[in-house]
Amino acid sequence: MFAIRHDWTTSEILDLLRLPLLDLVYQAQTVHRHYHPPNQIQLATLLSVKTGGCAEDCGYCPQSGHYETSVHPQAVMDVEAVVAKAKQAKALGASRFCMGWAWREIREGPAFEAMLEMVRQVRAIGLETCVTAGMLTATQAKRLAAAGLTAYNHNLDTSPEFYNQIVTTRTYAERLQTLDYVRQSGIRVCCGGIIGMGETLTDRARMLEVLATFNPHPESVPINALVAVAGTPLADRPPIDPLDLVRMCATARILMPQAKVRLSAGRTQLSREAQVLCFLAGANSIFYGETLLTTPNPERDADRQLLADIGATVLEPHRS
Ligand code: SAM
Ligand code: DTB
Ligand code: SF4
């Protein structure tokens, strides 16, 4: 029952996405209960270590140097400041600490050495660590693994077919290459994408298909709703229907039963009830803290209250 499969097809995934919502959520929650404690949510805190001025032209991103947005390049944070933020996140209840660099790729040198030191020190606090910093090499992945990195986040963002309408400065194949280096190094893979960028339902299915045919599956799958930021090419995209986010969470849960499905960007646009439907659909992780990388996220108090009101418990960090 609920075997882990890596041979999902586009049409099977489209069939899931098109199920009556209650059937889909029921199936997803059934799978969820087979593999996960039913009422447990992981809290991950994000920190932007290097903000803005990025060389890529990702159409959704306020940190791209190609667009005029309210995000301006800032100096890279130092190790001490980052570790102080991690300690604060832990004290406030997070079990995972995710650090972002607005880079096209990791470059050798002092900034990479500092990243390795941040990973070592954040691990030493007893938090899971995740880094998202663009493309990397096999050697860099191995060094991050040796520093104790739990996971590397590198999203597909969308389907292979729609990708080049959103990003032109790098290819889907380069995305996949980085993910392969991460996997080979033994670091866990955090990989998901965004809805609300003008993609079709087939694009959503194809993105999920690429994720679900990885073997092994990514250990965590962030599902983001586009945060439409003024100045970016996608600024005028209408908000998604929250029920589509429920469908994405549910389908990701069915396809990748063991993964953490992270309800990521876009929660400020969701009602409490829509978020609870996402949890019922199998989402079991959220970003916790009032900012994502550069855009707002729900207040900590509101999230704590929501989890308390539904009787959810918070996942403790794993020790591996
Ligand atoms: N520069 C690195 C990279 O692109 O891999 C790491 C940081 S980047 C901001 C991480 C991910 O955040 C992107 O791949 C994208 O999926 C997501 N993201 C960025 N801007 C977003 C937005 N406005 N709305 C939703 N998700 C967004
Ligand atoms: C992911 O999938 N979503 C997070 C995290 N991984 C790095 C980032 C969301 C960024 C939203 C836009 C911003 O705050 O700049
Ligand atoms: Fe740069 Fe990452 Fe933003 Fe793309 S998503 S512009 S690579 S920070």
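1. The shell around ligand 2 is made up of six nonpolar residues, six polar ones and no charged ones. Ala, Val, Leu, Ile, Met, Phe, Trp, Tyr, Cys and Pro are counted as nonpolar, Asp, Glu, Lys and Arg as charged, and the others, Gly among them, as polar.

2. The model is predicted: local features need pLDDT of at least 70 and side-chain atom pairs count only at pLDDT 80 or more, while totals for chains, interfaces and linings use all residues. Residues are numbered from 1 along each chain as its sequence is written, chains are lettered from A and ligands numbered from 1 in the order in which they are written, and side-chain values use heavy atoms, with hydrogens and water left out.

3. Among the residues around ligand 2 are Leu-46, Pro-62, Phe-287, Leu-292 and Leu-293; to be near, a residue needs a heavy atom within 4 Å of the molecule. Polar contacts are pairs of N or O atoms within 3.5 Å; within protein, one atom must be able to donate a hydrogen and the other to accept it, and residues adjacent in sequence count only if both atoms are side-chain atoms. An oxygen atom of ligand 2 lies 2.6 Å from a polar side-chain atom of Thr-294. Taken alone, ligand 2 exposes 400 Å², and the protein buries 88% of that (Shrake-Rupley method, 1.4 Å probe; for residues, only the protein chains shown count as cover).

4. Ligand 1 has 17 residues around it, and Tyr-60, Thr-132, Asn-155, Asp-157 and Val-227 come nearest. The shell of ligand 1 holds nine nonpolar, five polar and three charged residues. A polar side-chain atom of Asn-155 is 2.9 Å from an oxygen atom of ligand 1. On the backbone side, a nitrogen atom of ligand 1 is 3.3 Å from a polar atom of Trp-101, and a nitrogen atom of ligand 1 is 3.2 Å from one of Trp-103. Ligand 1 exposes 550 Å² when taken alone, of which the protein buries 91%.

5. Around ligand 3 the residues include Cys-54, Cys-58, Cys-61, Glu-56 and Arg-170. By class, this shell has six nonpolar residues, one polar and two charged.

6. Where do the ligands sit? The space taken by ligand 1 is the largest cavity; ligand 2 sits in the largest cavity, and ligand 3 sits in the largest cavity. A cavity is a set of points, on a 1 Å grid over the protein atoms alone, where a 1.4 Å probe fits but cannot get out; a molecule sits in one if more than half of its atoms lie within 2 Å of its grid points.

7. How many disulfides are there? The count is zero, a disulfide being a pair of cysteine sulfur atoms within 2.5 Å. The cysteine sulfur closest to that of Cys-249 is in Cys-278, 4.2 Å away, which is too far for a bond. Cys-249 is buried, at 0% relative accessibility, and Cys-58 is buried too, at 7% (buried means under 20% relative accessible area, with a 1.4 Å probe and protein chains only).

Note on methods:
On a 1 Å grid over the protein atoms alone, a cavity is a set of points where a 1.4 Å probe fits but cannot get out, and a pocket is an open set with protein on both sides within 12 Å along at least five of seven lines; lining residues have an atom within 4 Å of a point. Buried means under 20% relative accessible area, exposed over 50%, partly exposed in between (1.4 Å probe, protein chains only).
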